[in-house]
Amino acid sequence: MTQMIVLNGGSSSGKSGIARCLQALLPEPWLSFGVDTLIEAMPASVRTSDAGIVFAPDGEVIVGPEFRTLETAWIEGLATMARAGARIIVDEVFLGGAASQQRWQQALGGLQVLWVGVRCDGTIAAGREVARGDRVAGMAVSQADAVHRGVLYDLEVDTTHTESMECARTVVTQVK
């Protein structure tokens, strides 16, 4: 039985919308957590320090050792919740591509995980980024392809021209 669904995609690719649709479509209750949840939970000092996480004016995201320490604890915590019986949807941005996925794989060992790539054309994601108004311009374009480099998926969806609900329906067919 699938215990965790990991949605990986660039900023404004549609992961959060898919996660909400999955919660509506799946018959059992699923908890949804995103990397934004982690960042919002961090103290301001970590969100503005080179040791934490920095959002550069061009959209680049730079993470330091304090961020990595908290991120590791967060990943382990989500894995523990899944092992305790909670079904978890993770909305993530693998800034390090395959290396990011490997960190998750180590923590999720023994769990049934559905790895889902959420793709979106960078120019479309950039338009969504502007419409949202809560992102640094440039993140969507810089992350659109980079977050997928070397990452292995069970399934990929593309939100460029497909709505979140349709993508979620595709994901649901793969949940066991």
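**Salt bridges in the chain**

Modeller: Arg169 has a relative accessibility of 42%, so it counts as partly exposed, a class that lies between buried (under 20% relative accessible area) and exposed (over 50%), using a 1.4 Å probe and protein chains only. This is a predicted model, in which local features need pLDDT of at least 70 and side-chain atom pairs count only at pLDDT 80 or more, while totals for chains, interfaces and linings use all residues. Residues are numbered from 1 along each chain as its sequence is written, and side-chain values use heavy atoms, leaving out hydrogens and water.

The partner of Arg169 is Glu166, and the closest N and O atoms of this salt bridge are 3.5 Å apart; the term means a side-chain nitrogen of Lys or Arg within 4 Å of a carboxyl oxygen of Asp or Glu. Glu166 is partly exposed too, at 39% relative accessible area. Both residues belong to helix 8 (residues 164-172), where they are three residues apart and therefore separated by about one helical turn; a helix here is a DSSP run of H or I with at least four residues, numbered from the N terminus. Side chains of opposite charge can pair when their charged atoms come close.

Now turn to Glu71, which has two partners to consider. With Arg68 it forms a salt bridge whose closest N and O atoms are 2.7 Å apart, and these two residues lie in helix 4 (residues 65-83), three residues apart, about one turn of the helix. Arg68 counts as partly exposed, at 26% relative accessibility, whereas Glu71, at 6%, counts as buried. The side chain of Glu71 also meets that of Arg103 in a salt bridge, at 3.7 Å from N to O. Because Glu71 lies in helix 4 and Arg103 in helix 5 (residues 98-107), this pair ties together parts that are 32 residues apart in sequence. Arg103 itself is partly exposed, with 27% relative accessibility.

Elsewhere, a network of salt bridges links Asp36, Arg132, Asp134 and Arg135. Searching the whole structure gives eight salt bridges. As for the setting of these pairs, buried residues make up 47% of the 176 residues in the chain.
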